[in-house]
Amino acid sequence: MALKSSSKASTCSVSTLFLSISVIFALLLSLFLISSNHASKSTSPLSCLTSTTATNLPNNNANSNSINVYVSDLPRSLNYGLLEKYWSLSHDSRLGSDIDNEIRSTRSWKNKKVPIYPESPLIKQYSAEYWILGDLMTPPELRSGSFARRVLTPEQADVIFVPFFATLSAELQLGTAKGVFRKKVGNEDYARQREVLDFVKGSDAWKRSGGRDHIFVLTDPVAMFHVREEISPAVLLVVDFGGWYKVDSKASSSGNNTSDMIQHTQVSLLKDVIVPYTHLLPKLQLSENQKRQTLLYFKGAKHRHRGGLVREKLWDLLMNEPGVIMEEGFPNATGKEQSIKGMRNSEFCLHPAGDTPTSCRLFDAIQSLCIPVIVSDNIELPYEGTIDYTEFSVFVAVNEALQPNWLVNHLRSYTNVQKSKFRQNMAQVQSFFEYDNGHPGGIGPVPVDGAVNHIWRKVHQKLPMIKEAIVREKRKPPNVSVPRRCHCT
């Protein structure tokens, strides 16, 4: 009897062991099939890297130390592929392109997983799109200092980042066939804009939010020129609102609107984020600062349009003033060296409005510890609320600056102690405007106090407004259309 019991128990143990092994095998097979199916769907290089650059996280909106970002799975041809297309051009005849033509001739851009961004000042000044994507493409173990956390699905995300190099797309068109830039037929930039919009607007994420939680980088004032109305609900990262005036004035039904009364139906400080230009001049440490011989320095084009007409008038007023240097030129190789010398040797650097209210000249001045003198009544600046620009800049109304002798006398009234304090304050925020993290392709740890993190912090501040807008839109009855209103800020 005991033998029978032992035999029966042994049989049960074998059966149990076999069943356990079968269950484990079935689970492993299921996991393998799920993994294989996911990999087969990830056809673009950006999504192929997701497994190593994204984190599977719950959506934790209460976390004030980070923002969850999903990267829309656009084809590589719309971001890094555009760099390959740019470097494959035989030649670029535009001003400032000498350095890029030299890089092309040596073919030093080839054989890189992520090509370098153009060094031409015309394009480099708008390179935010490159550095922001580079941060998001960095493996999680190297992103401990990043404010943005990349997540695997739109459902986990606070915002959806659209990795379209809109500036590079526009500049490629301007460099190869400028004549069709404002047209749609024969315009490759427009075709790319359309491809991006068709892809993004067809996604469930866009349909859920109406695009209000999507992020586009539009640092070049003409980026995504043809589809701005369609992307206007989204969060736009722009250097200022100057490039939107013409569009918005057409959108207004009032016939007596001036540039000061434009109804911004597409851009607003409430939903959008002002980001810095990429500076073109190297950083000067406060410890390297030496005695400055010049009162006021400016280098740039004399003739501008729209709000930049003030520049011509200032030029005529200041060009013969003692202690003032007004140079016409462009920051190519020669001009760059002149600008470095001029800004580092001057107490103040003039920043008048140009075609748009701001330019990269302001951020070159900050890196050069040259006190900015801002004569641009409609200027918007990055990180306001975090940075108080009055602590290291001089703001002058256009009508006062245009009074004979007024500006020079005003600048001479500042004491050495005041100017020294301005430079000390400036040195404390220089890193806020630094995009370059020193890693190839921008893929690597970002500076904790650098531009990319500060941009994401500003986007994070918009989250309550974004969520409110999405909820308000959801409760509207079908076929009800409410026109966008001007938001005064």
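Strands E7 and E9 run parallel and are joined by three bridges. The model is predicted: local features need pLDDT of at least 70, side-chain atom pairs count only at pLDDT 80 or more, and totals for chains, interfaces and linings use all residues. Residues are numbered from 1 along each chain as its sequence is written, and side-chain values use heavy atoms, with hydrogens and water left out. Helices (H or I, at least four residues) and strands (E, at least two) are DSSP runs, numbered from the N terminus.

**The five-stranded sheet**

- The open sheet has five strands in the order E8-E7-E9-E10-E11, with parallel pairing; two strands pair if DSSP finds at least two bridges between them.
- Strands E8 (324-328) and E11 (394-395) are at the edges with a single partner strand each, so one side of each has no neighbour in the sheet.
- Buried means under 20% relative accessible area, exposed over 50%, and partly exposed in between (1.4 Å probe, protein chains only).

**Helices across the five-stranded sheet**

- Helix H13 (residues 309-318) lies across strand E7 (294-300), E8, strand E9 (346-352) and E10, and runs at about 130° to E8. Axes are lines fitted to C-alpha atoms, for helices over the stretch in contact, and angles run from 0 to 180 degrees between N-to-C directions.
- Helix H18 (residues 416-429) lies across E9, E10 and E11, at about 95° to E10.

**The six-stranded sheet**

- A further open sheet has six strands in the order E2-E1-E3-E4-E5-E6, again with parallel pairing.
- Its edges are strand E2 (148-150) and strand E6 (273-274), each with a single partner strand, so one side of each is left without a neighbour in the sheet.
- Strand E1 (residues 67-71) and strand E3 (residues 159-161) run parallel and are joined by three bridges; Val-69 has Val-159 of E3 as its bridge partner.
- Helix H19 (residues 451-461) lies across E1, E2, E3, strand E4 (214-217), strand E5 (235-238) and E6, running at about 105° to E1.

**Helix H8 and its neighbours**

- Nine of the eleven residues of H8 are buried, so the helix is largely enclosed by the rest of the structure. Among the buried residues are Ala-166, Thr-167, Glu-171 and Leu-174.
- The buried residues of H8 pack against H4, helix H6 (121-124), helix H7 (128-136), H9 and E4, where contact means heavy atoms within 4.5 Å.
- Helix H4 (residues 80-87) and helix H8 (residues 166-176) have axes that come within 9 Å and cross at roughly 25°. The two helices are therefore roughly parallel; angles under 35 degrees count as roughly parallel, over 145 as roughly antiparallel, 65 to 115 as roughly perpendicular and the rest as oblique.
- The crossing of H4 and H8 is left-handed, a term used if the near helix is turned anticlockwise from the far one by less than a right angle, with right-handed used if clockwise.
- Leu-82, Leu-83, Lys-85 and Tyr-86 of H4 make this contact with Leu-168, Ser-169 and Leu-172 of H8. The residues of the H4 contact with H8 divide into five nonpolar, one polar and one charged; Ala, Val, Leu, Ile, Met, Phe, Trp, Tyr, Cys and Pro count as nonpolar, Asp, Glu, Lys and Arg as charged, and the others, Gly among them, as polar.
- The axes of H8 and helix H9 (residues 188-201) come within 8 Å and cross at roughly 160°; these helices are therefore roughly antiparallel.
- The contact of H8 with H9 is made by Ser-169, Ala-170, Leu-172 and Gln-173 of H8 and by Glu-188, Asp-189 and Arg-192 of H9, which divide into two nonpolar, two polar and three charged residues.

- Most residues other than glycine have a negative phi.
- Tyr-383 has a positive phi near 60°. Tyr-383 is placed in the loop between E10 and E11 and counts as buried at 2% relative accessibility.
- Asn-405 has a positive phi of about 70°. Asn-405 is placed in the loop between helix H16 (398-401) and helix H17 (406-412) and counts as partly exposed at 47% relative accessibility.
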